Each structure stands twice: as structure tokens, then as C-alpha cells.
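Thanks for coming, everyone. Take a moment with the structure on the screen, and then I will walk you through it.

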Number of protein chains: 8
Amino acid sequence: MSKAPGFIRKDDAVVLMLDHQAGLFSLVRDFQPDEFRNNVLALAATAKYFGLPTILATSMDEGPNGPLLPALKEVVPDAPVIRRPGEINAWDNPEFLKALKATGRKQIIVAGIVTDVCVAMPTLSALSEGYEVFVVVDASGTFSPVARDSAHVRMANAGAQLINWFAVACELQRDWRNGMEGLAALFAKHIPDYGNLISSLNRK
Amino acid sequence: MSKAPGFIRKDDAVVLMLDHQAGLFSLVRDFQPDEFRNNVLALAATAKYFGLPTILATSMDEGPNGPLLPALKEVVPDAPVIRRPGEINAWDNPEFLKALKATGRKQIIVAGIVTDVCVAMPTLSALSEGYEVFVVVDASGTFSPVARDSAHVRMANAGAQLINWFAVACELQRDWRNGMEGLAALFAKHIPDYGNLISSLNRK
Amino acid sequence: MSKAPGFIRKDDAVVLMLDHQAGLFSLVRDFQPDEFRNNVLALAATAKYFGLPTILATSMDEGPNGPLLPALKEVVPDAPVIRRPGEINAWDNPEFLKALKATGRKQIIVAGIVTDVCVAMPTLSALSEGYEVFVVVDASGTFSPVARDSAHVRMANAGAQLINWFAVACELQRDWRNGMEGLAALFAKHIPDYGNLISSLNRK
Amino acid sequence: MSKAPGFIRKDDAVVLMLDHQAGLFSLVRDFQPDEFRNNVLALAATAKYFGLPTILATSMDEGPNGPLLPALKEVVPDAPVIRRPGEINAWDNPEFLKALKATGRKQIIVAGIVTDVCVAMPTLSALSEGYEVFVVVDASGTFSPVARDSAHVRMANAGAQLINWFAVACELQRDWRNGMEGLAALFAKHIPDYGNLISSLNRK
Amino acid sequence: MSKAPGFIRKDDAVVLMLDHQAGLFSLVRDFQPDEFRNNVLALAATAKYFGLPTILATSMDEGPNGPLLPALKEVVPDAPVIRRPGEINAWDNPEFLKALKATGRKQIIVAGIVTDVCVAMPTLSALSEGYEVFVVVDASGTFSPVARDSAHVRMANAGAQLINWFAVACELQRDWRNGMEGLAALFAKHIPDYGNLISSLNRK
Amino acid sequence: MSKAPGFIRKDDAVVLMLDHQAGLFSLVRDFQPDEFRNNVLALAATAKYFGLPTILATSMDEGPNGPLLPALKEVVPDAPVIRRPGEINAWDNPEFLKALKATGRKQIIVAGIVTDVCVAMPTLSALSEGYEVFVVVDASGTFSPVARDSAHVRMANAGAQLINWFAVACELQRDWRNGMEGLAALFAKHIPDYGNLISSLNRK
Amino acid sequence: MSKAPGFIRKDDAVVLMLDHQAGLFSLVRDFQPDEFRNNVLALAATAKYFGLPTILATSMDEGPNGPLLPALKEVVPDAPVIRRPGEINAWDNPEFLKALKATGRKQIIVAGIVTDVCVAMPTLSALSEGYEVFVVVDASGTFSPVARDSAHVRMANAGAQLINWFAVACELQRDWRNGMEGLAALFAKHIPDYGNLISSLNRK
Amino acid sequence: MSKAPGFIRKDDAVVLMLDHQAGLFSLVRDFQPDEFRNNVLALAATAKYFGLPTILATSMDEGPNGPLLPALKEVVPDAPVIRRPGEINAWDNPEFLKALKATGRKQIIVAGIVTDVCVAMPTLSALSEGYEVFVVVDASGTFSPVARDSAHVRMANAGAQLINWFAVACELQRDWRNGMEGLAALFAKHIPDYGNLISSLNRK
């Protein structure tokens with residue numbers, strides 16, 4: 001356990017956003033709703049900004065789980081949406097797996113609802129096949145802090161790295177001189193405190 | 001104390017949004033930042049939707065308090081902004097008071113940063129002059145829950161009514177048959193759970 | 001304020017359960033979901049047990065607010081359900097008001113979703129017409145503790161009494177010798193700790 | 001409301017400890033159990049130390065409510081225990097009322113389980129008959145903070161004063177020169193931090 | 001630690017529910033009572049639904065620990081109940097061990113009261129004998145979050161996987177096309193938010 | 001209760017800081033220690049800055065209560081320290097009362113340890129003699145939030161106004177043009193977020 | 001990490017209680033004071049009941065750290081008290097180490113104030129010398145939950161097992177038939193809920 | 001994982017304080033502001049007291065991140081400040097790395113804002129190059145407890161040790177006889193409770 005894990009590599013990472021569906025959001029009780037919606041959209045905006053391949057998925061979206069969050073689709077309109085007819089673990093869906101493998105990437109950045117199922121199952125599957133997995137904890141939600149923490153432990157002990165969306169963005173950026181305007185705008189939009197710092201700075 | 005206070009009357013209410021400035025937001029520690037920014041913008045959107053006269057104000061906005069939140073100004077672009085050169089209590093500023101009195105309205109809906117000063121002082125002043133005051137508790141922020149609760153007690157005991165932005169909107173609407181689309185869109189934007197209910201309903 | 005308010009009188013009380021609708025439940029963030037559903041059903045069971053006239057209501061139940069909670073209807077199958085076509089304040093609905101006044105009762109026990117609107121508005125209306133109002137705080141839910149507490153202050157300062165469903169039941173019962181089995185069973189079902197006490201006692 | 005209420009008077013106060021029964025303790029969820037038991041015993045020890053007349057009561061102590069907390073009885077062995085056969089409001093029990101009135105005292109210090117029923121009902125009854133009532137909030141417990149807070153508002157708005165056991169003791173003592181050893185020992189036993197201060201002071 | 005642990009396999013898993021006894025429930029302070037009882041019954045209903053062999057156990061159920069929760073027994077009426085005469089670690093009880101080994105299964109799904117003893121001890125014993133162990137964190141309760149978290153760390157570091165009852169159900173189901181009605185009904189009953197989604201969907 | 005209470009008047013206010021003693025600080029459990037010490041010193045610095053007469057007091061400071069907080073004395077070195085030999089209520093100490101009355105002021109700003117005794121008793125005494133009392137809630141500490149809230153209710157219902165130290169400072173200042181440098185420095189020192197705003201502004 | 005750690009063995013365990021000193025208790029902010037004192041005394045009572053060798057220690061007990069908690073010494077009057085003249089890590093004190101090694105035991109059960117220093121340092125030292133270490137998390141206290149959790153991670157990752165005092169007692173007992181009365185009395189005294197269960201059971 | 005990690009060695013440790021900038025402080029929401037500023041300054045004072053080489057760094061300090069906290073620079077005026085023009089990971093900045101390597105030290109004590117980026121990235125980089133890393137959790141801040149905890153898990157699982165500033169100081173001191181006055185003064189300044197213990201001890 002003394003070997004530091006690698007950082008996210010911009011050319012080897014793919015983003016999976018699983019089951020951020022209108023109905024399932026009502027199950028999420030480990031985040032305040034404004035905060036959680038913001039985190040989900042921020043992760044998508046990050047994927048978009050850095051041009052990472054991004055795959056969306058839904059589970060039985062004609063039933064109670066509800067349709068994909070429209071605002072999420074608007075952020076990444078070109079991302080494919082895999083509509084699973086029944087598989088709970090996205091990894092069990094051949095179309096999903098094919099789309100993922102077509103990217104040729106080995107680092108998975110994943111978020112979803114609910115953390116302990118829709119995130120945990122593909123995470124464990126991916127790890128067992130040799131992928132590096134980064135679980136975006138603040139864009140993943142579930143029933144309670146207890147359920148969340150236990151899923152975190154399970155995934156981390158299996159080799160996943162826990163991370164938040166802001167750290168994802170920063171690891172992809174690496175250096176502010178790689179282009180500042182776009183990322184600063186993204187941060188200003190999704191981090192109120194950061195937007196306020198920019199407003200104060202720019203007032204004159 | 002057995003007489004029920006009146007509801008907000010659409011033709012007698014004016015909205016005061018005091019000192020929602022970029023710097024002052026960093027002092028607000030009794031709300032999660034996404035939630036608080038959302039509440040502030042939702043109150044402004046409510047004022048706009050119902051066509052209530054709205055007055056914005058800032059306190060020394062060239063100093064550390066910072067400029068008015070740009071996103072707030074964008075929601076109510078026609079609202080006057082009273083830039084106070086020093087008065088802590090907006091009521092002490094003649095220009096502000098003139099703008100308020102010019103509306104001819106006797107019900108004040110007020111929010112601001114910080115609750116215990118920029119909201120509490122004008123609230124107490126207005127009450128002493130016979131206004132009805134509705135303090136919008138979730139669009140007002142301050143240093144801690146203890147400071148907030150104490151300001152609430154002080155204002156309520158002086159006769160103010162404590163209310164949240166959603167209740168303001170509902171009291172102004174009174175009946176959904178008065179026009180549904182616009183308000184539903186406003187709620188969908190500012191209440192994630194409500195937006196999700198609408199998305200699920202409309203999928204077919 | 002030195003005169004003690006009266007207790008709930010079994011022959012003068014009516015129960016109003018407002019807008020406990022499937023969609024609106026997803027807005028409730030000031031209670032854990034199991035706890036809240038239990039409290040709502042417990043209040044209905046209490047009304048049923050003591051034979052209090054009970055009126056249910058919904059607001060636009062074909063829209064996002066959703067249908068009345070089926071389990072609630074099952075507890076009080078004979079209670080009328082007033083389906084409001086648009087009025088946010090149930091008091092503004094003539095059919096509702098007529099049903100209420102037909103009971104001839106002057107003590108209102110009220111709960112609903114959300115506390116700050118669907119409960120607060122009829123509470124203020126009823127108080128202004130001279131009713132005694134008991135707001136059942138744990139069978140009423142809303143967006144946040146801040147919104148809840150402010151609505152409580154507003155209603156209490158207008159003269160309402162804040163109470164929980166267990167206290168409603170106890171005030172109606174007054175004396176355990178008035179019939180123990182039924183109420184004990186009701187408590188055992190809706191208060192796990194109480195049920196456990198009974199199980200331990202009865203084991204032999 | 002501008003007249004300051006009187007302090008507790010040593011020669012006019014009586015202590016009522018209602019339904020601190022082994023079974024009912026398991027319903028108390030608004031305090032950590034060690035803290036709550038300590039508070040209950042501390043209030044009894046205070047009553048004993050200052051020689052206040054003290055009345056204990058139980059409600060159906062052969063049923064699930066369970067027997068009186070033995071440790072409480074040990075602290076005030078001479079206090080009468082009124083075993084109510086069914087009355088939920090102790091005030092409805094003639095024997096209890098007789099014992100209370102026999103003391104001739106007009107200031108009631110009351111605590112019990114649960115706050116919203118066993119404390120609230122006699123408090124409201126006593127206030128309506130002109131007694132001064134001091135509700136000991138930290139020796140009274142109930143199902144949740146929401147239930148507690150609502151009961152506090154109800155009682156306070158009816159004229160009761162909310163107080164904690166330590167403040168009861170200090171108001172009875174008034175001046176440390178009235179005898180220090182006994183009270184210091186009581187505080188050392190029931191307030192760990194205070195005991196530690198004394199231990200540190202006395203080490204040499 | 002880079003090898004992903006296996007999922008629960010329907011034909012290799014057995015469910016152990018240890019010491020969910022009426023008296024012991026009163027010790028559980030890391031969950032709200034309605035939530036906890038619901039979680040316990042939901043786990044049992046899941047075991048029942050998927051036809052997993054299930055073993056119940058009690059510890060000295062004639063003493064203060066109290067009888068087995070009757071509602072639990074009702075959910076899985078055919079499950080054997082091992083009444084331990086004294087062994088704190090169920091693994092030390094020959095009858096229990098025999099019943100377990102008779103199932104021939106190597107994946108243990110375990111929950112109980114209290115987490116740090118009645119769950120932790122058999123978990124450690126089972127791990128040392130080569131079983132896979134899944135600890136159901138939300139159907140296991142104890143004195144405090146600190147005690148719970150420490151027991152979680154201890155068990156996870158020994159190789160156990162932490163999981164919640166909903167994830168157990170989903171891992172057993174794997175695909176919604178394996179039969180939807182029964183599981184949806186189970187979720188509707190034990191997850192209020194999920195029940196509400198279904199009610200809204202089905203209203204027409 | 002519809003008359004707004006007056007603001008703090010700079011020429012009619014006196015500050016009482018009661019029993020901020022080294023030993024008593026260890027009893028304060030309703031604030032994080034750094035935050036609480038900072039609030040206490042900030043209130044003293046405010047009194048000093050505006051030149052308000054200030055009276056310090058201790059209770060039996062040779063015993064476990066400990067000596068006056070040295071840092072507090074350093075902020076207001078000229079303030080008299082009344083060392084009470086036994087009176088728990090500072091109002092009962094003739095020397096203290098004489099010092100207070102010598103100021104000729106009728107508005108009392110008070111803070112102390114513990115809120116429910118050392119603050120509450122003089123507050124009630126002062127109110128009964130016609131003083132206006134402003135209780136500084138964040139420079140007063142006690143055993144628990146429950147004890148604090150109850151003392152707040154008791155004092156507020158007797159006519160006291162609850163306020164925090166920052167609002168005290170702002171009401172005394174009224175207008176930033178009355179002198180900015182000193183107060184800004186005071187805020188920068190005692191409000192980290194405000195200091196940071198100033199640092200950012202002044203960097204160029 | 002798949003090998004289950006051993007349980008505590010009655011004949012191979014020694015209890016170390018480090019720096020439970022009157023002054024240091026005031027630093028403990030991650031537990032409510034009544035709860036924490038109770039946990040400390042309960043651990044000592046457990047050591048006593050099972051006859052485990054027990055070593056107490058203090059650090060500079062003539063200075064601000066203060067004397068050993070007298071109530072702790074009373075529970076285990078025969079335990080040696082090693083008064084360290086300066087060593088922060090008890091393991092650095094030859095007398096302490098000698099006393100420990102004289103017991104010949106290889107399983108260390110340790111608690112102290114503060115968790116991150118007085119417990120963590122000897123824990124790490126003992127682990128590096130091949131001892132098994134059980135850290136009693138609820139009889140160890142420190143400045144904040146963050147400090148505590150970090151120390152737990154550090155110790156657990158070095159090989160320590162985290163445990164609470166109740167689990168220590170149960171692992172030592174193993175079977176209730178090894179003698180019930182004494183342990184039941186110990187639990188009744190230190191676990192209010194357990195005491196209440198016994199009282200209810202024994203009432204007849 | 002059974003080998004105890006080494007303690008901090010005074011002659012092999014270097015302190016890195018990263019991006020404690022006025023603007024970035026406003027992003028920190030996992031600590032109360034007074035507490036956090038105090039922790040940051042306390043760590044710097046500890047570095048200073050023990051004469052550890054200390055390196056400060058900023059990231060784009062002319063932009064919204066703001067200038068280095070002036071009070072921090074005052075504590076360690078001789079520490080170099082590496083002003084990074086763009087690199088998010090300080091380890092990517094050659095000047096920073098050169099300064100670090102020039103110390104020749106292999107134990108890194110690191111804190112910064114935000115924990116999940118400015119601390120986590122250099123921590124992972126340093127671990128991968130064979131350094132021992134001690135992450136000072138209470139002098140590092142970020143957006144939320146969830147973000148913090150995940151970063152802690154990520155760093156700890158990569159081999160970092162989590163520690164708080166007080167434990168850093170104690171491990172450096174090892175024995176109070178190595179010089180008591182200076183460290184006691186440092187603790188008195190930065191730990192209010194400890195300062196109070198000293199004040200009480202020294203009063204005579």
C-alpha cells in the first residue's frame with residue numbers, strides 16, 4: 001500500500017455518469033438537493049470542458065426511476081445515453097460495455113445514483129478487469145450517510161480512489177497556464193464562493 | 001397575539017434585497033453555498049415573476065464588501081440599486097427610503113446579508129413606522145446558526161413575520177389557476193426535487 | 001399570554017390532513033423518510049381511533065404534486081378527499097370550507113406538506129376566524145429545518161399551538177382506563193420502542 | 001411581556017418528577033442516555049439538598065412504562081410516589097393534586113417523560129390555575145428534538161419558564177456563602193467538568 | 001488489495017440475523033427507531049424474497065435482552081431461531097454453527113444488535129475460517145456512531161465487506177427482468193420515496 | 001408586541017462581562033473553544049473601541065471558577081473588576097450595582113458564563129427595574145444547546161433582546177463614515193473571513 | 001488482510017489507561033462530558049471485573065494537566081500509577097515499560113487523553129514491537145472529531161484494532177454462563193438503557 | 001500493514017504550507033473560520049518553535065486565490081514563499097521542488113487549501129518518490145466533509161499518515177523536559193482550554 005496511485009490522465013480517462021434520473025434523485029438523502037444537482041452538472045461540465053469521452057446511462061427510464069435529468073443531457077448533448085432495459089450493474093449491459101471499451105481508455109471516472117449499487121457494482125467489476133477507477137463522491141448520492149460511507153469503504157478497499165469533482169477538474173488541468181478562462185468560468189458557475197472571488201477581483 | 005397576521009398582498013408588497021454582495025457572501029456560514037445562492041436568486045425571480053417593485057442595495061461596494069452579486073442583478077435588471085456610501089441601516093439612507101416610499105406599499109419583504117444587521121436594522125425601523133415586515137429567512141445569511149436564531153427572535157418579537165422564499169411565492173400566487181406555466185418553471189429551476197417531479201410527469 | 005390554552009377536546013376537534021401527496025413527499029427534507037411516513041400514518045390512525053371527523057385534501061393531484069398517499073387513504077377510508085383544482089390555501093376552497101364547517105367543530109388539528117404553505121396558510125386563516133389550531137409538527141414536512149422553524153414561529157405567534165402526534169393521542173385519551181387495548185396497539189405499531197416494551201412485558 | 005418573571009423562591013417551590021420510569025426512558029431520543037440519567041438524578045439531588053418538597057409519580061407502572069427509576073427513588077427516599085392508575089395528566093389524579101396542594105406552594109418545578117405529554121399537560125393545567133411553572137428542560141425527555149421544541153414553545157407561550165437543572169440549583173442557592181461544601185459536592189458529582197476543576201484546585 | 005471482491009451470489013449466500021431482540025433495540029442509538037426497524041424488516045423481506053436460507057438467533061431471550069422482535073419472525077416464519085443459552089459469539093454455539101454449515105454456503109450476509117459484539121464477533125470468526133462476509137450496516141445497530149464506525153473499521157480491515165440492505169437486494173436481483181413485481185413491491189413498502197415514485201407513475 | 005424595540009444607543013449603553021473565568025470556560029460546550037474565546041474578546045474590543053463603560057465581574061475567583069481570563073483584562077485594562085465573594089446574581093452585589101448605576105446608563109449589553117445563570121439572573125433583575133437589556137448570545141456560553149436555548153427563551157420572553165457581538169458593533173457604528181479604519185481593523189482581527197476580504201482588496 | 005485478527009484473550013491482555021487527568025479532560029471535545037466520564041470508568045470497571053492487570057499513568061500531574069481523575073483511581077485502587085516526569089509517549093518511560101513487560105502479556109488494551117498523542121504514540125510503539133493493540137475509542141478523547149478520526153486511521157492502518165469498552169467486556173466474558181451477576185450489575189451501572197431493561201424485568 | 005510507521009523526526013522533517021491564501025480561505029467549509037485560522041497559525045508556530053525548515057507556497061496569488069495570509073507570513077517570516085505561476089500541484093514547480101530537496105529531509109509535514117487538490121496532489125507525488133508524508137488534517141480545509149474524508153482515504157491508502165497539528169508538536173517535543181516554557185506558551189495561545197488550565201494553575 002506504499003505505492004502512490006497515478007493521477008487522472010487526460011488522454012486515458014473516460015467519464016461514466018450512471019442513472020442520474022429524475023425519479024432516483026428523490027432517493028438521495030446524503031446531500032442537500034441544490035448542492036447535489038450542482039455537483040452532478042459540474043462533473044458533466046468538467047468532462048465536456050476537457051473533452052473526455054463521456055457515457056450516460058439510465059436504468060428502466062420508463063418506470064419509476066424516471067427519465068435522465070434533462071439539464072445533464074444539455075451539458076453533454078453529444079454523449080451517448082445507454083438505456084438499460086434491466087441490468088442493474090451497467091457492466092452487465094453489452095451495449096454499455098462496448099461503448100466503454102470503444103474508447104480504449106483505462107481510467108474510469110464514475111458517478112451515479114445510488115452510490116451503493118449503480119456506482120459500486122460497475123466499480124467493482126471494472127477493478128476486477130484491471131481498470132483504474134476514480135469514484136466521484138460528491139456527484140453520487142444515496143439513502144443515508146451510513147449507506148454512503150459503507151459503499152466508500154467497500155470500493156476503496158477493492159482499489160478504487162475516492163475523489164470529488166473539483167479534484168477531477170484540477171488533475172485534468174494540471175497547470176493554469178493550459179488555458180484559464182474556460183475553467184475559471186466553469187468554477188465561477190459551479191462554486192459560488194469562487195465566483196464571488198472573481199466578481200470582487202474584476203469589479204474595477 | 002391572537003389575531004392572525006395578514007398574508008402578503010400582491011398589490012401592497014415591495015421586495016428589498018440588501019447587501020447581497022460578492023464579499024459579504026463569504027461571511028455566510030449558516031447555509032451551504034449552492035443552497036444559499038439559489039435561494040437568493042429564487043427570491044429575486046419570484047419578485048420579478050409577480051411584478052413586485054424591487055429595490056436592491058449595497059453597502060460600500062468598492063471596499064471589502066464587494067460588488068453586488070452579478071447574477072442577482074441579471075434576474076431583476078430594472079430594479080434600482082441604492083449604493084449606500086456608509087449607512088449600515090439602509091433605512092438611514094435618504095435615497096433608499098425615498099425609493100421605498102415612492103412605491104406607496106406597506107408590506108415589506110426583506111432579505112440580505114448579514115441577517116443580524118443588514119436585515120434586522122431596517123426590519124426594526126420599518127416595524128416602528130407601521131410597516132408589515134416579512135423576513136425571508138432562507139435568502140438571508142450570517143455567521144452562524146446562533147447569530148441567525150437570535151436575530152430571528154429579535155425581529156419576530158418586534159412583530160416581523162418569518163417566512164421562506166417558497167412561501168412568499170405561494171402567498172403571491174394564491175391559486176394555481178392564476179397562471180401556471182411561469183411559476184412552475186420558476187419552481188423547476190430553483191427546487192431540484194420539483195423539477196424532477198415535472199420531468200417525470202412530462203416524459204410521455 | 002398568561003392564560004393556559006385549552007387541551008384538545010374529543011368532541012370539538014376535527015383533523016385536517018392537507019396535501020400528503022406522493023410527489024410532494026419528495027420535497028420533505030426536514031425528516032428522515034421512514035420516520036415521516038410513519039408520523040403521517042400515525043396521526044391518521046389516531047384520528048380514526050378516536051373517531052374524529054377527518055378531512056383529506058389534495059392540490060392539483062394530476063400534476064407533479066402527485067396522488068394522495070395510498071397508505072393514508074387506507075387508514076381513513078371514509079374520510080372525504082377534497083381535490084382542490086388550484087387554491088393553494090385550502091381555506092380558499094369552498095368545498096373544503098363547507099366540509100369543515102359542517103362538522104361544527106372549533107378545534108382544528110392540522111398537518112400537511114409543506115409546513116410553510118399548505119399548513120401555514122389555513123392555520124392563519126382559521127385563527128383569524130376564531131378557531132383554535134393545533135399544528136402537528138411531526139406529520140408536517142418541508143424543505144429544511146430553517147423553513148420549518150420559521151413557519152412554526154409565524155404560526156405560534158399568531159396563536160397556534162405546536163404539538164406532535166403522540167401528544168394529540170394522549171390529550172384525546174386523557175385516561176388509560178378509557179380503553180387501553182386499541183391505543184396500546186396503535187402505539188406499538190407506530191412507536192417501535194413502545195412496541196418493544198410491550199413485547200418484553202408480554203413474553204411470558 | 002416587559003415584566004421580569006420572578007426567580008424561584010426556596011420557600012415557595014415544590015418539585016414534581018413525573019413518570020421517570022424504566023420503560024419510558026427507552027422512548028427518550030433527544031438526549032444521550034448517560035447525560036439524561038445524570039440530569040434527572042441531579043435535579044432530584046438538588047431538590048433534596050435544598051429541602052424542597054418533592055413529589056414523584058408514575059403512570060401504570062405495572063405495564064410497559066415500567067417501574068420508577070430505582071436510582072431516582074434512592075436520591076429522594078422520603079418523597080411520596082403517586083402511582084396513577086390511568087390518568088395521563090397527573091393533574092387529573094386527585095391524590096397527586098392533594099399532595100401538591102398540601103405543600104401550599106405556588107411555584108412548580110417540573111420534569112418528566114415525555115416532555116410533550118407528562119410534562120406539558122400538568123404544566124398547562126397548573127398555569128391555568130395561577131401557579132408559576134418552571135419546566136426543567138434537561139431532566140425532561142421525549143421522542144425527538146422537534147417534539148421537544150414544539151412542547152417548549154407551547155408551554156412557554158402559555159406562561160411557563162424554561163430552565164435547566166443547574167439554573168434551578170443556582171437560583172435556590174443565591175449566594176455561595178449560604179453553604180458551599182454540599183452544593184460543590186453535588187456539582188462535582190453531576191458536572192464532570194466542575195468536578196475536574198475542584199480536583200485540580202485541591203491537589204495540593 | 002487490487003482484486004475486486006466478488007458480488008453476493010444468490011446460490012451461495014446465507015443470511016444471519018442475530019439478536020434483534022425487543023430489549024436490545026433500546027440500546028440502539030445510531031439510528032432513528034422507525035428507520036432502524038424498517039431496515040431490519042427490509043433485510044428479512046429481501047432474504048425471504050430471494051429464498052435465501054436464513055437463520056435467526058437470540059441471546060438469553062428470557063432475560064433483559066428480551067424476545068425476538070415479533071414482526072421479524074412474521075416476515076421469515078420458517079427460519080430457524082437459535083436461542084443461545086449464553087454464548088455471546090453466535091459462532092461459539094454448536095447448534096448455530098451446525099445450522100449454518102448445513103446450508104453449505106460460503107457467503108455470509110449478517111446483521112444484528114449490537115454491531116460491535118453480536119455482529120463483529122461472528123464476522124471475525126467466519127472470516128478466519130474462510131467465509132466471505134457481508135455486514136449489513138443499516139440493519140445493525142449499537143450505542144453510538146463512534147462505536148459503530150470502529151466496529152466497521154475492525155471488520156473491514158479483517159476482510160469483511162460493508163453493505164446496506166438495498167445493495168444486498170440489488171446484487172441478488174442483478175437484472176430487473178428476473179422478475180419485477182415482487183421486488184418493486186418490497187421496495188415500495190420499505191423505501192417511502194420509492195413507493196411514492198410508483199404511486200405517481202401508476203396514478204393514471 | 002408590535003412596537004419595535006430601540007437600537008443600542010452609544011451614549012446610553014454599558015457593557016457587563018460576567019464571570020469569563022478560566023475555570024468556567026471549561027463548562028462551555030455550546031461553542032467550539034477558538035470561536036468562543038474570539039467572540040468574548042471581540043465583544044470587549046467593541047466596547048473598548050466605542051468607549052462604552054465596561055464592567056467586568058468574577059465569582060469566587062480563588063476557587064474552581066478560576067481567575068478572570070487574562071486576555072480579556074488586557075483588552076479592557078481600565079474596566080473595573082468586581083470580585084463577588086458569593087453572590088451568584090451579580091445584581092445582588094452592592095458594589096457591582098453601584099458601579100453600574102454610577103454610569104447612569106439604561107441600556108445593558110451583557111454576556112457571561114454560564115448563560116442560564118450568570119447572564120440570565122442579572123438580565124431578569126435589570127428588566128424588572130426597567131432597564132433595556134441586550135444579551136450577547138455568542139459571547140455567552142453554557143453546558144449544552146438545550147440549556148442555552150431555554151435561557152434565551154426565558155430572557156426574550158421577559159423582554160430582553162438577543163443579539164450577537166457583530167450586531168452590537170454595527171448598531172454602535174451606525175455609519176461607516178463615522179470612522180472606518182479602527183472598526184475595519186477590529187473586524188479583520190476577529191472575523192477571519194472579513195480579514196481575508198481586506199487582504200485581497202489591499203494586495204495592490 | 002484476509003486473516004481475521006484474534007479476539008482479546010483474558011489471560012494475555014493488559015489494560016493501559018493513560019493520562020485521564022482532571023485538567024486534560026477539559027480538552028476533550030469529541031464526547032459529551034457525562035458520556036465520556038462514564039466510558040472511562042466503565043473500562044476501568046471492566047478491567048477490574050475480569051481481573052486484568054491494569055496500569056495507570058499520568059503526565060506531569062503537578063502542572064496544568066492536573067491530577068489523575070480520583071473516581072478512576074477508586075475503581076482500580078490497586079493499579080500502579082506511573083507518574084511520568086516528562087515523557088509524552090508513555091513507552092519512553094522506563095518504569096512504565098517495565099511494569100508493562102512484567103505482566104508478560106502481549107495484548108494491549110489502551111485508552112487515554114488525548115487520543116492522537118497519549119494513545120497514538122504508545123500504540124504505534126507497541127505495534128512496532130509486535131504487540132497486539134486494541135484501542136478503546138470511547139474511553140479516549142481529544143479536541144475534535146477530525147483529530148480523532150485521523151488518529152483512528154493512523155493507528156488502524158498501523159495494525160491496531162479499534163474497539164469500544166462494551167465490546168472489550170463482551171470479548172472477555174465470551175459466555176454469560178461464566179458468571180452473570182457481576183457483569184450484569186456492571187452493565188446496569190454504566191449503560192442506563194441496560195439498567196432500565198433489568199429494572200423492568202425484575203419488578204415483579 | 002503490521003509494521004508501525006515511524007514517528008516524526010525533528011532532524012528529518014520539513015513543513016510545507018500550501019496555498020493558505022486569502023481568497024482560498026473562503027472556499028473552506030469543513031471548519032468554523034476561527035478554528036481553522038487558529039489551526040493554520042498553530043502549525044506554523046510549531047514549525048517555527050522546533051526550527052523545522054518551512055516552505056510556503058501560493059498559486060496565482062494575483063488572481064482570485066488572493067495573497068498569502070499575512071498573519072501566516074508573520075509567524076514564519078524567514079520561510080521562502082514559492083509563488084507558482086500556474087502549476088496546481090506544487091510538486092510540478094521546479095523552484096518548489098528544488099527548495100524542498102535542498103533541505104535534504106525525507107519526512108514531509110504538509111497542510112494546505114484545498115485538501116483534495118493542493119494537499120492531495122503533492123502528497124501522492126511525494127509518496128511515489130519515497131518520502132514519508134504526514135498530512136495535517138486540521139490545518140487543511142476544503143469544500144465539505146465529504147470532499148475532505150475522501151481525500152483522506154485516498155491519501156491514507158497511498159501510504160500517508162493523517163495527523164493533527166497538536167500531535168505534530170508532541171511528536172517533535174517527545175519529552176517535556178526538552179524545554180517547557182516555549183511550548184507551553186504556544187499551546188496556551190492556540191488551545192484556549194489549555195491556556196485556561198495554565199491561568200488557573202498560576203493564579204497564586
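This is a predicted model: local features need pLDDT of at least 70, side-chain atom pairs count only at pLDDT 80 or more; totals for chains, interfaces and linings use all residues.

First, a definition: two strands count as paired if DSSP finds at least two bridges between them. Now use it. In chain B, strand β1, residues 13–18, is joined to strand β4, residues 107–112, by 6 bridges. The two strands run parallel.

What is the order of its strands? It reads β3-β2-β1-β4-β5-β6. That makes an open sheet of 6 strands, with parallel pairing. Which strands stand at the edges? They are β3, residues 81–84, and β6, residues 161–163, of chain B. Each has a single partner strand, so one side of each has no neighbour in the sheet. As background, strands of a sheet pair through backbone hydrogen bonds, either parallel or antiparallel.

Now chain A, and its strand β4. This strand covers residues 107–112. Is it buried or exposed? Buried: 6 of its 6 residues are, so the strand is largely enclosed by the rest of the structure. Remember the cut-off here, since buried means under 20% relative accessible area. Look at the side chains next. In a regular strand they alternate between the two faces of the sheet. In β4(A), A:Q107, A:I109 and A:A111 point one way. A:I108, A:V110 and A:G112 point the other way. All of them are buried.

Who are the partners of β4(A)? One is strand β1 of chain A, residues 13–18, paired in the parallel sense over 6 bridges. There, A:M17 stands opposite A:A111. Another is strand β5 of chain A, residues 132–136, also in the parallel sense, over 4 bridges. There, A:V110 stands opposite A:V135.

Next, two loops in chain B. B:D19 sits in the loop between β1 and α1 of chain B. Its phi is positive, about 65 degrees, although this residue is not a glycine. B:D19 has 0% relative accessibility, so it counts as buried. Chain H has its own case. H:D19 lies in the loop between β1, residues 13–18, and α1 of chain H. Its phi is positive too, about 65 degrees, and it is not a glycine. At 1% relative accessibility, H:D19 counts as buried.

Now move along to the end of β4. The peptide bond from B:I113 to B:V114 is cis, with omega near 0 degrees. B:V114 is in the loop between β4 and α5, residues 115–128, of chain B. In chain H, the bond from H:I113 to H:V114 is cis, again with omega near 0 degrees. H:V114 belongs to the loop between β4 and α5 of chain H.

The contact draws 12 residues from domain 1 and 11 residues from domain 2 of chain A. How much area do the two domains bury between them? About 920 Å², with 65% of it on carbon and sulfur atoms. On the domain 1 side, A:Y49, A:W165 and A:Q173 lose the most area to domain 2. Together they account for 57% of what that side buries.

There is a record to set beside this. An unreviewed UniProt entry annotates residues 14–164 of chain A as "domain: Isochorismatase-like". Over that stretch, the chain is 42% helix and 19% strand. Its end C-alpha atoms are 16 Å apart.

Now helix α9 of chain A, residues 192–201. In this helix 9 of the 10 residues are buried, so it is largely enclosed by the rest of the structure. Among them are A:Y194, A:L197 and A:I198. What do the buried residues pack against? In chain A, against α8, residues 181–190. In chain B, against α1, α2 and α3. And in chain H, against α1, residues 22–25.

Last, two chain pairs without contact. No contact joins chain E and chain F; their closest C-alpha atoms lie 19 Å apart. No contact joins chain C and chain H either, and there the closest C-alpha atoms lie 19 Å apart. That's the tour.

Notes:
Residues are numbered from 1 along each chain as its sequence is written. Chains are lettered from A and ligands numbered from 1 in the order in which they are written. Side-chain values use heavy atoms; hydrogens and water are left out. UniProt positions are given in the numbering used here, feature names are shortened, and annotations may be inferred rather than shown by experiment. Buried means under 20% relative accessible area, exposed over 50%, partly exposed in between (1.4 Å probe, protein chains only). Contact means heavy atoms within 4.5 Å. Buried area is the accessible area (1.4 Å probe) that two parts lose on being put together, summed over both.
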